[in-house]
Amino acid sequence: MRAGADDAFRRELTARGVTRRDFMGFCSGVAALLALPRSAVGQIADALATKPKPVLVWLEFQDCCGNSESFLRASKPTAADVILDLLSVDYHETIMAAAGHQAEAALEKAITDHKGQYIVVVEGSIPTGADGAYCTIGGKSALQIARTVCRDALAVISAGTCAAFGGLPAASPNPTGALSVGDAVPGIRTLINLPACPVNAENLTAVIAYFITFGKWPATDRLNRPLFAYGKTIHDNCERRAHFDAGQYVEQFGDAGHRIGYCLYKMGCKGPVTSQNCPNIRWNEGTNWPIGCGHPCIGCAEPAFWDKMTPFYAHLTGVPGFGTAADIDKIGLYATAGVAAAMTTHGLVQLGRKAYDKRKAAAAKPPEAKPTESKAVAAKAADEPADKPTAGGAS
Amino acid sequence: MTHIVVDPVTRIEGHLRIEAEVDGGVVKDAWSSSTMFRGIEIILQGRDPRDAWAFTQRICGVCTTVHAIASIRAVEDAIGAVPPPNARVLRNLIMAAQCVQDHVIHFYHLHALDWVDVVSALSADPAATATLAQSLSDWPESSPTYFAGVKARLKAFVDRGQLGPFGNAYWGHPAYRLPPEANLMAVAHYLAALEWQRDFIKLHAVLGGKNPHLQSFLVGGMATPVDPSSPAALNIHTIAVLQKLIAGARAFVSKVYIPDLLAVASFYKDWAGIGAGVGNYLVYGEYPLTDGANAPRYLPGGVIRGRDLSKVEPFAPEKITEQVTHSWYDYSGGDAAALHPSVGETRPHYTGPKPPYERLDTNAKYSWLKSPRYDGAPMEVGPLARMLVAYASGHAQVKGLVDGALAKLGVGPEALFSTLGRVAARGLETQLLVDKLGDWVDELAGNMDKGDLRIHDSDRWDPSSWPKDCAGAGFHEAPRGALGHWVHVKGGKIAGYQCVVPSTWNAGPRDGQQQPGPYEAALLGTPVADPEQPLEVLRTVHSFDPCMACGVHVVDPKGRELARVQVR
């Protein structure tokens, strides 16, 4: 940090009751989350201390407010840090004091005075049915507002799966013709998608901190998702991965394996096909995450997950990497013993798993072993691939 | 006569529009309109009923537990699943923690700015503010240095010229009545509550994996394993973590929230005579203390009519109906019908003005909310209804809390039927529940000690164990009031689903008899000093804690409505 700025900023922080150690801790946390080198910590601190506050407007359309609530749970930085110190949040219906036409005037002023320079966060999908009457604010349709506000924005951040991919309102049969922000407003200069239901606040604030620090946006994949948060699957980094590899599965909620943290694959876990950094950063300041509390992942950060990941408790088919290489060989042998001809890949895995489980149970009996195979859910999943095609929009 | 429009109503969940006629500085007529629709119940058709809780949970991310709870209860009722005692206790903890956290956020972050002038806080004397705070409670963060720090942060914020979410508001409005020191104290606690809520809600992360949108619900129980000696389950360590979080919450509620509430209320006692509304109160009851369908509830259900606290009628689910006279839906048997949710039908049919529009035609249909009625009458639901029903039922703790607060403010029980009564009831309920939470943690620990580790009814998990055709209802007291889900399961799939939601009860439009809904009725007679700055309208509307995403719903068991939806 530059000496002058450092002194002035230190005084300001002290006045706010923030110690330098707290602040540098926050900057280190952001750097770690973004997988940046140690040298970036100073750069982040410098940028946060000295640059003018960028203007942010937060729009809510077909939403549940869950992403706003998630933002209130942010810890590094906190929502109060963002609102009071890092950004000028000029429009956010859930927290702003002004209402009615005073609120609309605040939005108008923000996008006029800072044309091309302001950041937009969008929460919720955008309905196109009934001439836009499925969502209006101040008498204007969500589509009219989104097009006006997003087109002149420096960047648009779609917070949550509804804004990023259409989410729940767009689930089959999509009764309101709901679209993601990217689909509803073509030509957005920079679009960052932060799917998950809701967005993990730490990912949202990290993107904002990255921008404030470097004046640009983090690298993204083909779905406009930042690589630092969506570059790996849940399964890649899951704390229960070793149990998957060892073939130790929960068979029933509340069974002995469930109590000691076995893999939730058979209960329908969608971790193998879901890209998100939940296992690393977890939720609520690292307190826990869904798999940590014993429930399978429902794939909430994926496009069309309400259609593609349901039924939630039916297990995925054909997940590669199950068992060890030696077991795969044995499965092959087992298969050739007579049933290979009619076997699909899925059937092979199923059968292999059964054999593997039997051996496993025999080798190391888990406490209070209670093998319950051929549950109806699993059987149904075999008939009905979980990856059924996404239903299209309403006619 | 001035026609005012407040749209968007901010500091609420969702999209709400209020139109009102103001004459002689008083609201003469008012209309409440919800302006967003998603059709979640249509989306549920044909899906696995065990998945429904996750769909309905997304109705709302503020009260992020309530539609999951109502959904699993409805499906359990339909298929005959019986959650074991640990699941009941875990649900009670999750539900009550939701209520506590939600109410505190409502008071400080959604409602306070109607009563607290942030700009006035800049002229407060930090030492005098400290004296005021210390006279109210022994909360440790009350030194002159602390308040000077808050004031400095606020001043630095204002001096930068970017007021952000505090810009363009009604600061200096004549209806603001707190002295600068009370305003500074409230601003300090606005920030403190922002920190507190983040910490307390870790209780939900412990029990549900994350918040918002906890992920440990299951039809037939809960997904969180219980085992005192397993690191992968709720264990002895978890018990200690929960007790610590609850102790922190008790301290904040009893030493910050309740003293602030009473202090602010003492400056606005005239609001105990404003905003009464329909005067009928409906409560389903909540927090089962034992297992089984007829278990006693910690907060009793019941109905109070015409503000008569001498009589509490038992709640009868069959008396609930919904009308669409002023709602953007059609009924096949004509719009005059009043249908029970189990046979409800809805065909969305937007007939309002094409956006962008200036005015709604309030003589015609004007909202995406229906008009729920109980025995034909509009009902207010929520914390005030719950506290009144418990009070009138002789609930000892509630009686103590309510009588204590009334005595402190020097007003009688009739003051409860008001805007201020709603604000006070929400605070008292928070105190009641934060005091109760620890008992359920003890019960969980006791079950562990006895070796009862059951969390789920596995016998009814497999759809082959269900009746071919069955229906059920799930009732819940959400933070904002009485919530019901109705489900019809046929061949293992959802054949019909319906929610009747607190904000539908409170924010719904007029019915076929032109009876106004609770918001509309409560706004009548509300003073408005300046129609350009209708701060007073916001006070009464916010006192209900609107949650509009919850309120809007639609269902049709036959799926007929799709033919009527015009989607481009």
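Good morning. The structure is a predicted model, in which local features need pLDDT of at least 70 and side-chain atom pairs count only at pLDDT 80 or more, while totals for chains, interfaces and linings use all residues. Residues are numbered from 1 along each chain as its sequence is written, chains are lettered from A and ligands numbered from 1 in the order in which they are written, and side-chain values use heavy atoms, with hydrogens and water left out.

A word on names: helices (H or I, at least four residues) and strands (E, at least two) are DSSP runs, numbered from the N terminus.

Let me begin with helix H4 of chain B, residues 85-111. This helix has 27 residues and reaches 37 Å from its first C-alpha to its last, close to the 39 Å expected at 1.5 Å a residue; the expected span is 1.5 Å times one less than the number of residues. H4(B) bends by about 30° at Ile105(B), the bend being the angle between axes fitted to the seven residues ending there and the seven starting there. Is H4(B) enclosed by the rest of the structure or exposed? It is largely enclosed, because 27 of its 27 residues are buried. Here buried means under 20% relative accessible area, exposed over 50%, and partly exposed in between, with a 1.4 Å probe and protein chains only.

One partner of this helix is H9(B), residues 236-267. The axes of H4(B) and H9(B) come within 11 Å and cross at roughly 35°. Axes are lines fitted to C-alpha atoms, for helices over the stretch in contact, and angles run from 0 to 180 degrees between N-to-C directions. The crossing of H4(B) and H9(B) is left-handed, meaning that the near helix is turned anticlockwise from the far one by less than a right angle; clockwise would be right-handed. Which residues make the contact? From H4(B) they are Val100(B), His103(B), Val104(B), Phe107(B) and Tyr108(B), and from H9(B) they are Phe252(B), Val253(B), Val256(B), Tyr257(B), Asp260(B) and Leu261(B). Contact means heavy atoms within 4.5 Å. As background, an α-helix has 3.6 residues a turn, so residues three or four places apart point the same way.

Helix H7(B), residues 180-200, has 21 residues and reaches 29 Å from its first C-alpha to its last, close to the 30 Å expected at 1.5 Å a residue. H7(B) is mostly covered, with 18 of its 21 residues buried.

I turn now to the sheets. An open sheet of three strands in chain B has the order E1-E2-E3, with antiparallel pairing. Its edge strands are E1 (2-6) and E3 (26-34), each of which pairs on one side only. The twist averages 20° from one strand to the next. E1(B) and E2(B), residues 16-23, pair in the antiparallel sense over five bridges; two strands pair if DSSP finds at least two bridges between them. Within this pair, Val5(B) stands opposite Glu19(B) in E2(B). Helix H15(B), residues 535-543, packs on the sheet and touches E1, E2 and E3 of chain B; the direction of H15(B) makes about 130° with that of E2(B).

Another open sheet of three strands in chain B has the order E14-E15-E16, again with antiparallel pairing. Here E14 (469-478) and E16 (493-500) are the edge strands, each pairing on one side only, and the twist averages 15° from one strand to the next. E14(B) and E15(B), residues 481-490, pair in the antiparallel sense over ten bridges, and the bridge partner of Ala471(B) in E15(B) is His488(B).

Strand E10(B), residues 320-323, is covered on both faces: Ile320(B) and Glu322(B) on one side, and Thr321(B) and Gln323(B) on the other, are all buried. E10(B) pairs with E13(B) in the antiparallel sense over four bridges, and Gln323(B) has Ser371(B) of E13(B) as its bridge partner.

Finally, the loops. In chain B, the peptide bond from Asn211(B) to Pro212(B) is cis, with omega near 0°. Pro212(B) lies in the loop between helix H8 (202-208) and strand E4 (217-218) of chain B. His213(B) is placed in the loop between H8 and E4 of chain B; its phi is near 60°, a positive value in a residue other than glycine. His213(B) counts as buried because its relative accessibility is 1%. Asp375(B), with phi near 55°, is in the loop between E13 (371-374) and H10 (383-392) of chain B. At 42% relative accessibility, Asp375(B) counts as partly exposed.
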